[in-house]
Amino acid sequence: MSARKKLNVCMIGHGFMGRAHSNAFHQVGRFFDLPYELQLKVICGRDRPKLDSMAAQWGWEEVETEWESAIGRKDVDIVDICTPNYLHAPIAIAAAQAGKIVFCEKPLAISVEESKRMAQAARNVPTLVWFNYRRVPAIALAKQLVDQGKLGEVYHYRATYLQSWGPDRQPEIWRFKQNEAGSGAIGDLLSHSIDLALLLNGGIAEISSLIKTFAQGREVDDAVLLLARFANGSIGTFEATRYAIGCRNRNYFEIHGSKGAVRFNLEDLNRLEFFDVHDSVEIQGSHGLLVTGPGHPYADHFWPPGHIIGYEHTFILTLADFLRSLADNQRFRPDFDDAIDVQQVLAAVEDSASRRTWVEVSNSTSSIRSS
Ligand code: NAI
Ligand code: SOE
């Protein structure tokens, strides 16, 4: 095998996503034969004791406490942003201006305007947005089935993202602060559902939404509902909430078309339900496909068929696809431009709810289905 090019990573933030990404940086080269070797060079955060123990546990070579100096280092190739949302834009813009490859957690930004400035600054550098659910093998299979026309003409797109931790948390966490999170369930959960909908069903033309904050005095939304008209003529409903008591992390969608349907629930992430109208009537029903091979997306990279994978693999797969795109000099998706499309929908959601009316989704790219 030829020598691998070393890419030094600087990761900003060391919380939940800091751990998920650290794991992916270590694992990707074990499951994929790539022309790159990732070096966990420097990890950055503000809490020095926590930073030191994180660096020791996850194998980061060095620590820094100021992101400005960390990203400016000459020995850094990739800047990976795992901070609260309000820091995504300043860090991404500075990193891109320093010529670094930029990875950023979702939602890309806290406004459309900010996301556009980020994309503009990153015009000449490769970017990645961690909408990791695109790489769940069962969702990648759903995308294949849609692209192969197995669902026929799509009538309905239905998505829910249901969590239950909203009532429990301390008010001081960044996720409840308007100026740090930007929004609540909208940016945090609905953003994932919208990204998947744009991938699987194309552009959204028009929406009508309702937003609710259950906790008294909380600055951000706890729940959001919306109706959508897609550019392809289908209609959709979405619900995202932190108050769905009984649901831990139910990222769910179903698509109904003239020839078939698919149904997915993250809480059973190796499975895709598929209904095919061509089955003879006496056996028509949902096929619960265990998407672990043979012949399924990504299956050859992990375990023998039937040996399931988990949440962490979605980050490994996102990173693997990025590095393969980089090697081939191809555009990786979703990148900052794709994430602007999501931000446009999120902005329309806030606009519709505040004006209590249907609104068009401005500048949504008509469709990213073919990506
Ligand atoms: P967290 O609260 O667990 O971690 C945030 C980290 O940012 C902490 O280590 C904190 O010390 C660090 N930080 C805060 N201010 C900083 C500063 N000025 N300089 C350097 N570091 C700073 O948050 P979590 O859950 O890891 O979320 C981070 C981002 O990841 C958010 O944008 C969130 O929306 C996104 N996220 C994405 C997920 C996905 O499924 N793709 C899952 C969970 C979070
Ligand atoms: C919130 O609880 C959260 O961690 C989101 O921030 C993630 O984006 C989602 O994937 C899981 O839930």
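N329 counts as exposed, because 7 C-beta neighbours lie inside 10 Å; a residue is exposed if 12 or fewer other C-beta atoms lie within 10 Å of its own, buried if there are 20 or more, and partly exposed in between, with C-beta atoms placed from the backbone. Although N329 is not a glycine, its phi is positive, at about 60 degrees. N329 is found in the loop between α9 and α10. The structure is a predicted model, in which local features need pLDDT of at least 70 and side-chain atom pairs count only at pLDDT 80 or more, while totals for chains, interfaces and linings use all residues. Residues are numbered from 1 along each chain as its sequence is written, and chains are lettered from A and ligands numbered from 1 in the order in which they are written.

Y298 is another residue that has a positive phi, of about 70 degrees, without being a glycine. Its place is in the loop between β14 and α9. Y298 counts as buried because 23 other C-beta atoms lie within 10 Å. P294 is also found in the loop between β14 (287-290) and α9 (311-328), and a cis peptide bond joins G293 to P294, with omega about -5 degrees. P334 lies in the loop between α9 and α10 (336-355). The peptide bond that leads from R333 to P334 is cis, with omega near 0 degrees.

The overall fold comes next. The protein has ten helices and 15 strands; helices (H or I, at least four residues) and strands (E, at least two) are DSSP runs, numbered from the N terminus. For 371 residues, a compact globule would have a radius of gyration near 21 Å, and the 20 Å of the protein agrees with this. The radius is taken over C-alpha atoms, and the globule rule is 2.2 Å times the number of residues to the power 0.38. The C-alpha trace spans about 60 × 55 × 40 Å along its principal axes. Of the 371 residues, 44% count as buried.

Strands of a sheet pair through backbone hydrogen bonds, either parallel or antiparallel. Here, two strands pair if DSSP finds at least two bridges between them. One open sheet consists of six strands in the order β3-β2-β1-β4-β5-β6, with parallel pairing. Its edge strands are β3 (62-64) and β6 (127-129), each of which pairs on one side only. From one strand to the next, the twist averages 25 degrees; axes are lines fitted to C-alpha atoms, for helices over the stretch in contact, and angles run from 0 to 180 degrees between N-to-C directions.

Within this sheet, strand β4 (residues 78-81) can be followed residue by residue. I78 and D80 point one way from β4 and V79 and I81 the other way, and all are buried. Strand β1 (residues 5-12) pairs with β4 in the parallel sense over four bridges, and M11 has D80 of β4 as its bridge partner. Four bridges also join β4 to strand β5 (residues 101-104), and these two strands run parallel. In β5, D80 stands opposite F103, and I81 stands opposite C104. With helix α4 (residues 88-97), β4 and β5 make a right-handed β-α-β unit. Right-handed means that, with the strands pointing away from the viewer, the path from the first strand over the helix to the second runs clockwise.

Another open sheet has nine strands in the order β14-β13-β12-β11-β7-β10-β9-β8-β15, and its pairing is mixed. At its edges stand β14 and β15 (359-360), each with a single partner strand, so one side of each is left without a neighbour in the sheet. Strand β8 (residues 204-212) and β15 pair in the antiparallel sense over two bridges. There, I207 has V359 of β15 as its bridge partner.

The ligand surroundings complete the picture. A residue is near a molecule if its C-beta atom, placed from the backbone, lies within 6 Å of it. Of the 22 residues around ligand 1, G13, G15, F16, M17 and E105 come nearest. Helix α1 (residues 16-31) gives the most to this shell, with three residues. The shell around ligand 1 divides into nine nonpolar, eight polar and five charged residues; Ala, Val, Leu, Ile, Met, Phe, Trp, Tyr, Cys and Pro count as nonpolar, Asp, Glu, Lys and Arg as charged, and the others, Gly among them, as polar. Around ligand 2 are Q163, D188, H192 and N249. By class, that shell has three polar residues, one charged residue and no nonpolar residues.
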